[in-house]
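Please look through the model shown here with me, taking the sheet, its neighbours and the open space in turn.

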Amino acid sequence: TFILSPNERNHKINICLVARRHPWKGLRTFIEAYKYLDDAIKEKLGVISLVSHDDLGAFDTQGMRIVVPKNDTEIAHIYRSSDIFISTSWWEGFGLPPIEAMGCGCAVITSDSGGVNEYAIPNVNCLMYTPRNVAELIHCLKTLIADEQMRLKLSLAGQETARKFSWDRSVKQLLDIITC
């Protein structure tokens, strides 16, 4: 089970991503952004968790923790142990991980990957950047790392958003559609 020690949690900002090796999932964008963060910003960071079942050996993950979760409960624990969640996909149909992370209290940075626009509202419940744009992702990271109030605002708004997208509500909406 993935558990952060008190030293990893105290006064540091923890980040998590769902990391996939497929190019369209955009992990390389985060790796590049992280590489270009200055040392003063990196000093404020605690654990950077890459949640994945993929072989990430082709990526420079130095300074990051690769977590292979056994189940969804472990993924939720990682989200709850993180302050910021980053979604790097170039395109998504709906994009569950960002809204799951919102539900767990993360401030979310997401790429403008299509389907996330059903729930992601820039500067309200997330920060958003253009897919593959390393400079924009760096700007979003610096903003959230430096601004605790923005992290809190996005976290609270994200939790409210996630409550509107429960599985029970989705089932009811589907049943309403097909039984008309």
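Two strands are said to pair if DSSP finds at least two bridges between them. The model discussed below is a predicted one.

Q: In β3, which residue is the bridge partner of V51?
A: Strand β2 covers residues 45-51, and three bridges join β2 to β3 in a parallel arrangement. Within β3, the bridge partner of V51 is V67.

Q: In what order do the six strands form the open sheet?
A: Strand β1 is joined to β2 by five bridges, the two running parallel, and β1 also pairs with β4 in the parallel sense over three bridges. The edge strands, each pairing on one side only, are β3 (65-67) and β6 (127-129). With parallel pairing, the order of the open sheet is β3-β2-β1-β4-β5-β6.

Q: Which residue of β4 is the bridge partner of L17?
A: On the side facing β2, the bridge partner of C16 is S49, and that of I15 is I48. Strand β4 (residues 84-87) pairs with β1 as well, and there the bridge partner of L17 is I86.

Q: Is strand β1 largely enclosed by the rest of the structure or largely open, and how many of its six residues are buried?
A: A residue counts as buried when its relative accessible area is under 20%. Strand β2 is mostly covered, with six of its seven residues buried. Strand β1 (residues 13-18) is largely enclosed by the rest of the structure, because the number of its six residues that are buried is five.

Q: Is E92 buried or exposed?
A: E92 is found in the loop between β4 and α5 (96-103). Since the cut-off for a buried residue is under 20% relative accessible area, and E92 has 17% relative accessibility, E92 counts as buried.

Q: With which side chain does the side chain of E92 make a polar contact?
A: Not counting residues up to four places away in sequence, E92 touches S113, G114 and G115 as well as K25. At 2.8 Å, the polar contact of the E92 side chain is with the side chain of K25.

Q: How much space lies in the largest pocket?
A: The largest pocket is lined by 21 residues, of which the closest to its centre are V18, R20, V51, Y79 and P97. The elements that give two or more residues to this lining are α4 (72-80), β4 and α5. The space in the largest pocket comes to about 360 Å³.

Q: What distance separates the C-alpha atoms of L144 and I13?
A: L144 lies in helix α6 (residues 134-146) and, at 0% relative accessibility, counts as buried. Leaving aside neighbours within four places in sequence, L144 is in contact with several residues, including I84, A107, I109 and L127. Although L144 and I13 are 131 residues apart along the chain, the separation of their C-alpha atoms is 9.5 Å.

Conventions. Residues numbered from 1 in each chain as written. Predicted model: local features only at pLDDT ≥ 70, side-chain atom pairs only at ≥ 80, totals over all residues. Heavy atoms only, no water. Buried < 20%, exposed > 50% of the residue type's maximum accessible area, 1.4 Å probe, protein only. Helix = DSSP H or I, 4+ residues; strand = E, 2+ residues; numbered from the N terminus. Polar contact = N/O pair within 3.5 Å; in protein donor to acceptor, adjacent residues only side chain to side chain. Contact = heavy atoms within 4.5 Å. 1 Å grid on protein atoms, 1.4 Å probe; cavity = no way out; pocket = protein on both sides within 12 Å on 5 of 7 lines; lining within 4 Å. Points joined across faces, edges and corners; volume = space filled by probe spheres on them.
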